[in-house]
Amino acid sequence: MSEIQTADAADETTGGDGRCGWPMDGGSVESPCYCTHKRGGNWAAQLTGPNAARMTRTYLPQRGRIVDLTTVKAGDVLEFGGDYTTGSGRREPDREYWHVIKIDFDVDMIFFDKYPTPAKALRAAREALRAASTVAVADMVTPLPDDDEEAIV
């Protein structure tokens with residue numbers, strides 16, 4: 001299996017829509033979900049927690065469509081929302097969930113995987129953290145000497 005096929009298979013298992021890049025302007029982005037109607041509710045939040053049932057939102061500074069991402073780091077899960085509420089009180093949600101892969105303030109770009117639900121985005125963040133910690137632990141292990149002469153009997 002080639003590297004490209006492996007990456008595609010990983011995207012299918014986690015439910016991501018693929019890697020995306022989004023231009024920033026001084027550490028801020030234009031929200032991908034925004035409702036201009038007077039009954040619209042707009043927000044951007046950082047999601048944390050063990051799962052979607054027990055997640056917490058930390059709202060990011062926002063002015064109009066512009067969202068400040070200067071406190072965001074790789075591995076974070078972001079939610080952008082622009083819900084519209086009808087006159088009868090029915091809510092029509094418009095939301096996006098991003099798992100931040102890399103954020104580069106030098107070139108003003110953010111790279112992320114987009115997910116359809118917060119549960120899938122939080123799961124991808126947990127799996128990425130687990131994989132990174134496994135690699136870090138593997139790098140710390142000291143290998144045993146190969147020569148029989150150096151081995152202690």
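1. Aspartate 76 is in contact (heavy atoms within 4.5 Å) with Gln46, Thr71, Trp98, His99 and Val100, leaving aside its neighbours within four places in sequence. This residue lies in the loop between β6 and β7 (77-85); strands are DSSP runs of E, at least two residues, numbered from the N terminus.

2. The model is predicted: local features need pLDDT of at least 70, side-chain atom pairs count only at pLDDT 80 or more, and totals for chains, interfaces and linings use all residues. Residues are numbered from 1 along each chain as its sequence is written, and side-chain values use heavy atoms, with hydrogens and water left out.

3. With a relative accessible area of 7%, aspartate 76 is buried (under 20% relative accessible area; exposed is over 50%, partly exposed in between; 1.4 Å probe, protein chains only). The side chain of aspartate 76 reaches the backbone nitrogen of lysine 73 at 3.0 Å.

4. Strands β2, β6 and β5 form, in that order, an open sheet of 3 strands with antiparallel pairing. β2 (28-30) and β5 (62-63) are the edge strands, each with a single partner strand, so one side of each has no neighbour in the sheet. Pairing requires that DSSP finds at least two bridges between two strands.

5. Between β5 and β6 (residues 66-68) the antiparallel pairing runs over 2 bridges. Glutamine 62 has valine 67 in β6 as its bridge partner.

6. The count of disulfides is 0, a disulfide being a pair of cysteine sulfur atoms within 2.5 Å. Cysteine 35 is buried, at 12% relative accessible area. Cysteine 20 is partly exposed, at 28% relative accessibility.

Terms used:
Helices (H or I, at least four residues) and strands (E, at least two) are DSSP runs, numbered from the N terminus. A polar contact is a pair of N or O atoms within 3.5 Å; within protein, one must be able to donate a hydrogen and the other to accept it, and residues adjacent in sequence count only if both atoms are side-chain atoms.
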